[in-house]
Structures are given as C-alpha cells and as structure tokens.
2 protein chains.
Amino acid sequence: MIGEFELIARVTRGLEVNSDVELSVGDDAAVVSLQGDTVVCTDILIENVHFKQHWSPAHAVGRKSVAVNVSDLEAMGCRPSSVVVALAFPKTLDPSWVDDFEAGVRDECRTAGVSLIGGDMSSSEHIVACVTAIGDTMGRSPVTRNGARPGDVVAVCGNLGLSGAGLVALQRGFGSPKDAVLEHQTPSVPYGQGRVAAEAGATAMIDVSDGLLADLDHVAEGSGVAIDVDTSLLTTPDAVARVAAATGKPALGFILAGGEDHALAATFPPGTGLPDGWQRIGEVREGTGITVDGAAYEGAKGWDHFG
Amino acid sequence: MIGEFELIARVTRGLEVNSDVELSVGDDAAVVSLQGDTVVCTDILIENVHFKQHWSPAHAVGRKSVAVNVSDLEAMGCRPSSVVVALAFPKTLDPSWVDDFEAGVRDECRTAGVSLIGGDMSSSEHIVACVTAIGDTMGRSPVTRNGARPGDVVAVCGNLGLSGAGLVALQRGFGSPKDAVLEHQTPSVPYGQGRVAAEAGATAMIDVSDGLLADLDHVAEGSGVAIDVDTSLLTTPDAVARVAAATGKPALGFILAGGEDHALAATFPPGTGLPDGWQRIGEVREGTGITVDGAAYEGAKGWDHFG
C-alpha cells in the first residue's frame, strides 16, 4: 500500500500552473493573484450517484469533476483561474484509477485554461471527488440569475439533451451512441462563452445542470419574470433522436430536462446580436414560471437528488 | 422525502454574511471582495474515516468541517474570509442531522469570523462534508513551510494531544475525559493567531493536523533544515495524562503524534519575543529531519490515510 504523502507527490509531479498562481500544491493553502472580486463555487461527485466506475473511465470522471465546476464560473461571466480537488477512495482501489483520474483533471484544466493548485486526499468506502473552482470578475459585475427582464431573448450555448440520452443508453447497457455517452461521461463545456455573453450584455445567465427547464425556472424565479421556450427553435442532435427512438421516450424530454448538459443559458436585451455559438430558444415575459410553446409543461423539468 | 431545493433553502435561511461578501448562496457561484491575493484550501471529512455518527453529534461535525479548513488559512498567516460547504448524505438520514450539521457550520463560521457563502448537496451512501475556505493575504506575503532557518525558535499555539487522546477514549467506548473528547469532536483552533504570528515575524508556519512531528517534518523538509523538539518544554494536559494512564500508552505519543490537533506550529527568528499564547517547544538546526531531545524518534510521527 502506497502512503498518502507519496501518493500526493505522485499525482502532483510536474504540475504546471498559470502565471496568476503565486503558490501551488504543497503548503497548507494555495495563493493566487486575482483581478477584481473572487468568485467561488463547489461541486461534489459521488460514485454511484454522479458516475459509475463501469460507465465512466477514471479519466472522464477527472475531466467531469473540473468541467462541472468551471462551468459554474462561466455562468457568472467570470474568468476561471484555478481549482482545488479533494479526492477520497477505497484503500483497495487500483492505483491506476487515481493516476487516470488525475490525468483527466490535468487535461480538463488545460482545456479550460485553469490551474490545479491544491487538494486533499482521504480513504473512503466509495469514490468521492469534490472540486472547488475560483475565478475573478476582472472588475466587471458578475452576471447573476436575477437580471432577466420581460422582452429579453433567451439563448443557449452548448449541448442540450446529449448527456441525458447518454445516461439512458448506459443504463440500458449500451456504450453508444458515442456522442451521447461521451457527453454524459464528460460534458463539453463552452469555455470562454460566459465572458463572451457578459460582454454582449447578458442580463442573466445560468449553467444548465439540473435540466434546461429547471434551470430557466431558477432564472425566472430569481428575476421575477416568466420564461417561454419555443421548441421550434430547438434542434435535436442525431444521438438524442436515436436514443429516443430506441427507448420510446420523447426526444424533447432529453433536451428540456435531461440534466448535466453544462450548456450556458442566458438572457439578452431585445435586439442584441447574439454572439457566435449562441442560439435563441425563447423569450422572457411578464409573470412567473416556465412555459413551453406558450403552455404549461407537464413533464419533469429536471433532476432532484432527494426527489 | 424533502426535495433538494427545499432542503438548500431551509439550511441557508436567514444566513448572515460579512461585509466582504458581494454575492452569497443562491447563484452558480459566490462573489467576495478580497484584499491582496486570494488564499484557498480544501479538506474533506468522511463518515467512519474522520468521524462516526455515534462518536460525534452532527453539530460538532459541522463545526469541525469549518475549523479544520480555516485552520489551514491561519497557518498561512492570512485573513480567513469565507467557506463553501459540499454535503452528501444518505436519503434515509434523519433531516435533523442535516439541520444540526448546518447549525454547527454557522456557529463555527461565527467563531472564526468567516461567512458561509455557498455549497452543494447530494445524496450518497455515507456522509461526506467537503469544505473549501478562502481568505486574503491583505498584501502581506503568506507564511509558507519553507522559510525556517537554523537558529530559529519553534513554537506552538493551541492544544496538542487532546484530540488524539479523545479519539482513543471514544474507541474504547468512553465519553470522557470531556476535554479530550470535545477536542476530538471539534478542535479549538486558535483563530487570529496565524496573523499574530505573521506580524511577529514567523519564518514558517503549519497547521498541526497529521501530528506534531509529522507536520514539523514537512517544515523541515520544505525549509531544508532539521528541527529538534525539547520535550521538557511540552506540557501534558490532565485529560491526556488520564487517557495515557488508563490505556498504558505514553502521554508523549499523543502530544507528539496524536494528530487532528489543529494547533499552529511556527518558527521565529532567534530572539523574537513570542506573542501571547505561543509556547517555545524546540529549535531549528542545520541538517535534515526531526529529532526529539536530540535523538531520533522511534514512534509513529502522525497519521497516514493510506498507511
């Protein structure tokens, strides 16, 4: 059995960090030099709740643990800087799982442009990865959930429905369609688009994690408005259509409420030229709650961990 | 079964935050206004590894989850600002456990002078609490593990040995000595003393979490020096003496290697007038490694999660 300190030394060997990092792994805490206010969020991934070992390779779990957090910083219109990663796992786990997880963390950090600067390691009965991401506002006001106004355009950037469809495929014992399964294993976050949306004048923004309708509902509630989604503006990815056909579930259900998409949804003042990669999907109205094509939506709006 | 969003609303109701918090619980991320560089650390507590439900009330676990993190910021000589708390627990857990945990988090935040500004909640098979603390340098250089110089005085502030003795008492089925058991359930961190030590000129500092000798070994290794601990300068708390007598274990073992003390250990230039509450316990020498009363130490130096 390899010791804790040896293990930490191994997984942090040769770690490269960005220039805003003043002190990285190896002390009681890490130190970063940020501009403007500090933005922070945390997300915990639990084995058999957020991932299964036989559904997701360790590398994908490592990538996902970073992606879902940095996505939350993007949704504030902020500049992501760094992550700290707490990992707990059984003493009997194959050490290569930990190596692959850490390689996934490093790869996603590189993709997201953030630095891994610290963490914690413990034993546990099941694998737990808790990542906290920090970023800075660069002196600009963060984009919250509370600024949507009637008349605003609702738009999304990123994939909707693929992750939920991938989960259903895995649950049924399939490793395909690949597009959907890979998206469930590691969401492809539209890195950089949070700041792009903020610069384009986004009035509210959210990371689509619970499900599109559930998350737009958070925006509607926070902003004191209603939001209507126009399904004629939504496109159905081939992989979602294939899973829908194979399972008899409506494709729209995956897109509206599949969850774990980690797309960005934002509202923009009417007449805003939407940035490249952003797709209009509805509008903000007077009132409260969410409608789909002008009517109440009867299906589930998203995921509830204790529902 | 109460829903996730209702649960989050309940545990965050009426939350008070300090004036440096720009945006608290309820959005994708929280925002704080810090002075100087941002300091960050994370620690994960796992049920049956770091605590047992029948050994520690939920309130004490909540307090401990904050204390062990803020202690790491203190050890950098920084100003602690805020924490985010990720909590996962079984769907079958009594909701009052969660309420009591959150009350403990709030109480310790108040004691430490920090704000609870966000978190995450999930289901899991066993309870997991992962806290991340952030603070700021106030423009001063952080005190790392790497600055100790031969001739420096080694000093500690806080309790040594009580937590380890309390753990042994609990393991043997006893709820006393109270001083030791309470200290194991929630370490009493010497809040504010990290900055005091930094202002007094501390050359290196560390949070004693693994065990005094193991942690001084980190300082020795980081600084490229040797450290000798003079046991005639150590005091044995009554509760440690009682557990030692009852178990036949040497009292010194608890003090030197008990772990989870969350005292602060620091080195100061020779001739420094130590601040109130700090006790000299040894000195920094040329060389490498740790000695006790000038000789090699044969016992365990601390705790290893994978040892």
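In this predicted model, six strands form an open sheet with mixed pairing, in the order 1(A)-2(A)-3(B)-6(B)-4(B)-5(B), where strands are DSSP runs of E with at least two residues and helices are runs of H or I with at least four, numbered from the N terminus, and two strands pair if DSSP finds at least two bridges between them. Strand 1 (21-23) of chain A and strand 5 (115-123) of chain B stand at the edges, each with a single partner strand, so one side of each has no neighbour in the sheet. Neighbouring strands are turned by 25 degrees against each other on average, direction ignored.

Within the sheet, strand 4 (residues 79-89) of chain B runs parallel to strand 5 of chain B, joined by eight bridges, and B:L87 has B:M121 of strand 5 as its bridge partner. Helix 3 (residues 95-112) of chain B packs on the sheet, touching strands 4, 5 and 6 of chain B (contact means heavy atoms within 4.5 Å), and its direction makes about 170 degrees with that of strand 4 of chain B; such angles run from 0 to 180 degrees between N-to-C directions, with axes fitted to C-alpha atoms, for helices over the stretch in contact.

The copies can also be compared: a rotation of 180 degrees with 0.0 Å of shift along its axis superposes chain B on chain A with an RMSD of 0.0 Å, by least squares on the C-alpha atoms of residues with pLDDT of at least 70 in both. The two copies are thus related as by a two-fold rotation axis.

Residues are numbered from 1 along each chain as its sequence is written, and chains are lettered from A and ligands numbered from 1 in the order in which they are written. Local features need pLDDT of at least 70 and side-chain atom pairs count only at pLDDT 80 or more, while totals for chains, interfaces and linings use all residues, and side-chain values use heavy atoms, leaving out hydrogens and water.
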